[in-house]
Amino acid sequence: MPDNYLPEVRNQYEALPYPPCNPQDEHKRLVLTWLEDLPMINHYCFAGKQSFQKGFRALVAGGGTGDATIFLAEQLRHTDAHIVHLDMSQASIALARERAQIRGLGNISWVHDSLLNLPALAAQLGTFDYINCSGVLHHLADPDLGFKALLSVLKPDGAIGLMLYATTGRIGVYQMQALMRMVNGGETDAQRKIANTRDILASLPPGNWFKRSEDLHHDHKAGDAGIYDLLLHSQDRSYSVGELFDWLGEGAADGKQGHGMHLAFSDVQRGRSPYLPHMVLGSKPPAMAAALRKLPLRQQYEMAELMGGSIITHSLYLTRNAACSAPYGDTDYVPFFYHEPLTGEIASQVFGNSRGQPFMLRHQHSGVSVMVNPGKYGAKILALIDGRRSFGEIFEQFRAAWQGKAEAPDNAVLFADFAESYETLNALERLLLRHVSVGAAAK
């Protein structure tokens, strides 16, 4: 193994496979992972043109007990795609394999190794269209070495789905980690460390920072493996949005080179701060929301992280080309609703109630409040979105029903009018795009 390899980390996951799971639960439900939704991958990584056929290959690097692997494999069950699950913990792989067997999934290969060895494994494993690496790099002594290992097996037009710890929302976690290092002293027995941690957790005063932010963190409620991973881990670091741009993107202002990747953050979930400062979890967006929306996207992300304060992990897609996100403004793209039971009729009613005036959209699922201008035609366009019609077809149908005195608006006018409605729903991950060439299979 490379010098970067940490035996303590491997030993932890052999003794306490993570995330904790009961394979028999596969009989009852499928665990969904945020980054591995195929429509999301298609929209943000392949310009909406990925069919997930023709030998699509995915690597789950540091796959643990298999959440991302099983979700990907289940979605790709009826394709010729293949997934490689790589992990350094044999105990974790055993649980993941049992889950796959229960589901009858035969599209997975299992590799017991460290992701740091990927360059040496390239001849055996080949290269990949998509790589998932969730919750792994921040546990390496040298995360950059790990990222370079991922790049070594990524196809030129491939994409990486990455999850890393976020500093701002984990302040209480790091205070507790420091406390437990002091409490446990030279203790080496994992079970005694866990018992001590449970004892301290039960004794925390209301003003303790971890106690005050406990609703953001759930691992310590998921048994011994969760407690150890969250509060007793031997190797744990976190990042701000700016640090991720510096490291993975264009590089730092001090001249230190990054990897030149395009970053697409994607993590608006229940009770989690959004990555845009005009979309807040408070009672209303700031009065200066319009000015904030004009700032460079990186700056908006950095401000939103500090403004919300509750982002505990960063979920993002990485591509070598910024054009990999599905483009808005092309009539050959099909808009479709995603992530909740939302229909064009419901969306049209919500946006139409404003009668074309800016209104406060309060998104019940995530808790986000955002001021949105639906435009003159936004509600009617939303009503025509059914997940099958392209923008070109939607606009033609809109014009067919046109009853205005003036000439019906052309595509450019309709795209401009609908832009803010689309951007708002897309930022909430509720409206995505796919190209007409791939059909509904990628939805």
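Mentor: Start with a definition: helices are DSSP runs of H or I with at least four residues, strands are E runs with at least two, and both are numbered from the N terminus. The model here is predicted. Pro19 sits in the loop between α1 (7-15) and α2 (38-45).

Trainee: What makes the peptide bond from Tyr18 to Pro19 cis?

Mentor: Its omega angle. Omega is near -5° for the bond from Tyr18 to Pro19, and that bond is cis. Most peptide bonds are trans.

Trainee: Why is Ala47 called buried?

Mentor: Its relative accessibility is 15%. The cut-off for buried is under 20%. Ala47 therefore counts as buried.

Trainee: Why does Phe52 get the label buried?

Mentor: Run the test again. Phe52 has a relative accessible area of 2%. That is under 20%, so Phe52 is buried.

Trainee: Where does His233 lie?

Mentor: His233 is in the loop between α10 (224-231) and α11 (241-248). Its relative accessible area is 5%, so His233 is buried.

Trainee: What does His233 touch?

Mentor: Leave out residues up to four places away in sequence. Then His233 touches Val9, Gln12, Tyr13, His139 and Tyr228.

Trainee: What does the side chain of His233 reach?

Mentor: The backbone oxygen of Gln235, at 3.0 Å.

Trainee: Which residues is Gln12 in contact with?

Mentor: Neighbours within four places in sequence aside, Gln12 is in contact with Tyr228, Asp229, His233 and Ser234. With Asp229 there is a polar contact, side chain to side chain, at 3.5 Å.

Trainee: How far apart are Gln12 and Ser369?

Mentor: In sequence, Gln12 and Ser369 are 357 residues apart, and in space 41 Å, C-alpha to C-alpha.

Trainee: What makes strand β11 mostly covered?

Mentor: Count its residues. β11 runs over residues 431-435, and five of its five residues are buried. Leu431, Leu433 and His435 point one way, Leu432 and Arg434 the other. Residues on both sides of β11 are buried.

Trainee: How do you know that β8 and β11 pair?

Mentor: Two strands pair if DSSP finds at least two bridges between them. Strand β8 (residues 333-337) and β11 have five bridges, in the antiparallel sense. So the two strands pair. Among the bridge partners, Phe337 has Leu431 in β11.

Trainee: What makes Arg198 and Asp224 a salt bridge?

Mentor: The side chains of Arg198 and Asp224 come to 2.7 Å, N to O. The cut-off is 4 Å, so the pair counts. Side chains of opposite charge can pair when their charged atoms come close.

Trainee: Why are Arg198 and Asp224 called partly exposed?

Mentor: The class lies between 20% and 50%. Arg198 is at 40%. Asp224 is at 25%. So Arg198 and Asp224 are partly exposed.

Trainee: How do you know that Asp144 and Lys148 form a salt bridge?

Mentor: Their closest N and O atoms are 3.4 Å apart. That is within 4 Å, so the salt bridge stands. Both residues lie in helix α6 (residues 143-151), four residues apart, about one turn of the helix.

Trainee: Which salt bridge involves Arg298?

Mentor: Arg298 meets Glu302 at 3.4 Å, N to O. Arg298 and Glu302 are four residues apart in helix α13 (residues 297-308), which means about one helical turn between them.

Trainee: How many salt bridges does the structure hold?

Mentor: It holds 20. One network of salt bridges links Glu26, Asp67, Glu74, Arg77, Arg99 and Arg103.

Key
Residues numbered from 1 in each chain as written. Predicted model: local features only at pLDDT ≥ 70, side-chain atom pairs only at ≥ 80, totals over all residues. Heavy atoms only, no water. Buried < 20%, exposed > 50% of the residue type's maximum accessible area, 1.4 Å probe, protein only. Polar contact = N/O pair within 3.5 Å; in protein donor to acceptor, adjacent residues only side chain to side chain. Contact = heavy atoms within 4.5 Å.
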